[in-house]
Amino acid sequence: MKREPCDRCEELLQDYLDRTLTDAEWREAESHLSGCDYCARRYKFEASLRRYVRTSAVERMPPGLMDKLTELRGLDATT
C-alpha cells in the first residue's frame, strides 16, 4: 500500500485540528480525509481525544469557593 498521501495527511493533521493550515493545505487535507477511511478514522480519534482532554483536564473549583467569590463580589458592590 502506498502511504505517501497518508504520510502527508499525518503531517497536516494537528494543524488541521488547530485550524492553522493555509487554504491550500486545508483543501489538501479535506480532500484526503474525505477519500481515505484510515485517515478519517485517525482524524476522528484525534478530535475525540482532544475533546476528552479539554473536558477532563479542567481543574475543578474547590467546594465553597464559588460562595466565597459571590460573597466578596457582594462586598465590592456595597463599597
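## Cys36 and the helices around it

Cys36 sits in the loop between helix 2 (23-35) and helix 3 (37-56), where helices are DSSP runs of H or I with at least four residues, numbered from the N terminus. This is a predicted model, in which local features need pLDDT of at least 70, side-chain atom pairs count only at pLDDT 80 or more, and totals for chains, interfaces and linings use all residues. Residues are numbered from 1 along each chain as its sequence is written, and side-chain values use heavy atoms, leaving out hydrogens and water.

**The loop residue**
- Cys36 counts as buried because its relative accessibility is 11% (buried is under 20% relative accessible area, exposed over 50% and partly exposed in between, with a 1.4 Å probe and protein chains only).
- Cys9 lies 27 residues away from Cys36 along the chain, and their C-alpha atoms are 9.9 Å apart.

**Where helices 2 and 3 meet**
- The axes of helix 2 and helix 3 are 6 Å apart and form an angle of about 110° (axes are lines fitted to C-alpha atoms over the stretch in contact, and angles run from 0 to 180 degrees between N-to-C directions).
- Contact, meaning heavy atoms within 4.5 Å, involves His32, Leu33 and Gly35 of helix 2 with Asp37, Cys39, Ala40 and Tyr43 of helix 3.

**The two sides of helix 3**
- Cys39, Ala40, Glu46 and Ala47 are the buried residues of helix 3.
- Those buried residues pack against helix 1 (4-18) and helix 2.
- On the face turned away from the buried side, helix 3 carries the exposed residues Asp37, Arg41, Lys44, Tyr52 and Thr55.
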